[in-house]
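Opening the notebook on a new model today.

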Amino acid sequence: MEQNKDILDIQAAEQSSRKKKKFILCYHSLSVNNFKKASVQIRKLAEAAGAPISIAVVPAIGAAPESEAEQFREELEKFVKEGYEIMLHGARHRADLQMKRSLQGKIVLWISNNGAEFAGLDERFTQALLKRSLALWKANGIGKPSGFIPPIWFGNKYLKQQALEIFDYYEDYHGIYQKVDGKVKKYKSDTLSFSVYPPAVLGILQTYACLKMLLPGGAHRLVFHEKDFRTIGEKRILNMVRYISTMREKIMYRDL
Amino acid sequence: MSDWLFKSWLKISALTVILFFFYHLFISQKLDEECGCCHSDDEK
């Protein structure tokens with residue numbers, strides 16, 4: 001009996017050391033326009049990972065009919081109740097082209113097909129847009145998001161500080177940031193995302209993502225968009241999540 | 001010295017490419033595996 005307990009203890013210790021490496025699984029750009037399809041995809045990802053995941057939400061309702069907006073809010077509420085983690089993902093995601101931007105910001109907008117909402121904005125406009133995105137979220141009447149993820153991971157030189165004044169976490173393409181005792185702490189975390197790449201390189205990128213997760217270091221972010229379910233395919237995505245879950249422990253931003 | 005360094009770099013690069021290629025084959029097979037928990041209409 002005692003021997004069995006020892007074996008179980010050893011197995012548990014082995015399991016824990018094997019999963020010392022961690023990763024974050026995040027679904028990006030859940031919005032009023034895609035929430036019906038996205039909700040199903042998110043739940044399938046969570047099922048494959050064995051636990052609720054993080055969701056980056058675009059809070060703007062825009063011109064969606066009130067009935068759709070209501071369903072969207074209900075879905076968000078359900079996710080929060082089920083233990084999913086909410087991250088705020090800009091206000092509308094798409095950039096307002098009337099806003100004044102730096103040359104670098106304009107180039108990023110051109111590259112990102114106007115997706116990088118915060119690119120090249122000055123301090124005042126950044127603050128205003130950040131507050132607007134939070135106000136849009138608050139209008140849904142659901143708790144506070146854990147953090148802020150700028151659309152396309154592209155902010156500007158003011159955004160990180162401003163976001164960390166409001167939220168616990170902020171991230172860009174190269175890492176995750178948290179304010180601890182007034183100082184900004186950076187967590188090493190690479191972004192493994194597929195949505196902006198041409199289909200021809202997706203196979204290699206999936207191998208790279210798995211290899212990155214296999215090797216030690218960092219709490220990397222595995223990111224999926226609605227589009228990936230068409231380009232990569234659901235089976236491959238879910239198998240990738242299952243495979244990575246055997247090598248690393250899935251955590252949320254708030255577990256960092 | 002530089003010749004030795006260049007040759008070593010070439011060998012390491014070639015080995016990395018070969019290993020990556022085999023890992024790619026393994027992953028491609030792994031990701032295409034049918035699993036009991038997938039439904040037949042999953043790919044629709």
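**Interface.** I started where the chains meet: 12 residues of chain B are in contact with 14 residues of chain A, contact being C-beta atoms, placed from the backbone, within 7 Å. On the chain B side I get five nonpolar, two polar and five charged residues. My classes: Ala, Val, Leu, Ile, Met, Phe, Trp, Tyr, Cys and Pro are nonpolar, Asp, Glu, Lys and Arg are charged, and the others, Gly among them, are polar.

**Ground rules.** This is a predicted model, where local features need pLDDT of at least 70 and side-chain atom pairs count only at pLDDT 80 or more, while totals for chains, interfaces and linings use all residues. Residues are numbered from 1 along each chain as its sequence is written, with chains lettered from A and ligands numbered from 1 in written order.

**Chains.** I looked up chain B next: it has one helix and zero strands, and 5% of its 44 residues count as buried. Buried means 20 or more other C-beta atoms within 10 Å of the residue's own, exposed 12 or fewer, partly exposed in between, again with C-beta placed from the backbone. Chain A has eight helices and 10 strands; these are DSSP runs numbered from the N terminus, helices being H or I of at least four residues and strands E of at least two. Of its 256 residues, 41% count as buried.

**Strand β9.** How many residues of strand β9 (residues 220-224) of chain A are buried? Five of the five, so the strand is largely enclosed by the rest of the structure. His220(A), Leu222(A) and Phe224(A) point one way, Arg221(A) and Val223(A) the other.

I then checked its partners, taking strands as paired if DSSP finds at least two bridges between them. Strand β1 (residues 22-30) of chain A runs parallel to β9(A) over five bridges, and Leu25(A) stands opposite Leu222(A). Strand β8 (residues 191-193) of chain A is also parallel to β9(A), with three bridges; there Leu192(A) stands opposite Leu222(A). From β8(A) the chain crosses through helix α7 (residues 202-214) of chain A to β9(A), and this β-α-β crossover is right-handed (strands pointing away from the viewer, the path from first strand over helix to second runs clockwise).

Key
Two residues are in contact if their C-beta atoms, placed from the backbone, lie within 7 Å.
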